Amino acid sequence: MTAACVTGTSFHYFKRFYLNNSVMDYHPKHMLVTCVYLACKVEEFNVSIAQFVNNVRGDREKATDIILNNELLLMQQLEYHLTIHNPYRPLEGLLIDIKTRCPQFPDPEKLRSLMDDFLERTLFTDAVLLMAPSQANQRTSATLLAGDQWRYVTDILFAGCSHDKLHHIKDAVKKLHLMVKAIQVPPKDRVRAAEQKLEKCRNQENNPDSQM
């Protein structure tokens, strides 16, 4: 779970950083490795900077300088709000709840890999900025449950909710499903073209390779 939390926290940091900053000022590759390194610290995934850069391609000494030079900047831009409540622990609680309160549910553990995969894909959407972890977890479970399994959501998980609230939940589940379904991985040639374009319009004052 710790490695998954590092991934989730890294995505949060990365997305939040670029809410108020431009890729022309701070290169995404530089900020990405900085986000992952900071997330390792926050999630208590013990790894030294030397061990960390061993997993980075290219000039490791340069990578070390980039990470250490950007770490404080990243924390400042995040306003030192570093604790991220990832949806993985609520997922464990949900599976325990299904086993406890819905014994007729057929093998809840089969849902684990499906939920993990779906939660991972939500990281590529803006869901992490739009909903709380518990909401993401509940909507993930509701998205994957169908038929008689949906009755767990309506009759147990949200028992006593009004018809309007259940309708709102269904609408939110549908929106999350559509967000994940709309994910498109850009082809490599488009990525390379974007990288080349970025190099031409970067702020050279923040470019470690610049002579300025």
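Buried means under 20% relative accessible area, exposed over 50% and partly exposed in between, with a 1.4 Å probe and protein chains only. The model is predicted, so local features need pLDDT of at least 70 and side-chain atom pairs pLDDT 80 or more, while totals for chains, interfaces and linings use all residues. Residues are numbered from 1 along each chain as its sequence is written, and side-chain values use heavy atoms, without hydrogens and water.

**View A. Helix 2 and its cover.** Helix 2 (residues 28-42) has 15 residues; helices are DSSP runs of H or I, at least four residues, numbered from the N terminus. Its buried residues are His30, Met31, Thr34, Cys35, Tyr37, Leu38, Ala39 and Cys40. Helix 1 (2-17), helix 3 (49-53) and helix 4 (60-77) are among the elements covering them (contact: heavy atoms within 4.5 Å). Glu44, with a positive phi near 55°, follows helix 2.

**View B. Helix 6 against helix 10.** Helix 6 (residues 110-122) and helix 10 (residues 163-181) pack at about 75°, their axes 9 Å apart (axes are lines fitted to C-alpha atoms over the stretch in contact; angles run from 0 to 180 degrees between N-to-C directions). The two helices are therefore roughly perpendicular (65 to 115 degrees). Phe118, Arg121 and Thr122 of helix 6 meet Leu176, His177 and Val180 of helix 10.

**View C. Phe11 and Phe124.** The ring centres of Phe11 and Phe124 lie 5.2 Å apart with planes at 75°, so the pair is edge-to-face (centres within 6.5 Å, planes over 60 degrees apart). Phe11 is in helix 1 and Phe124 in the loop between helix 6 and helix 7 (127-130), 113 residues apart. Phe11 is partly exposed at 23% relative accessibility.

How values were computed:
Parallel < 35°, antiparallel > 145°, perpendicular 65-115°, else oblique. Expected span 1.5 Å × (residues − 1). Phe/Tyr/Trp six-rings, centres within 6.5 Å; stacked < 30°, edge-to-face > 60°.
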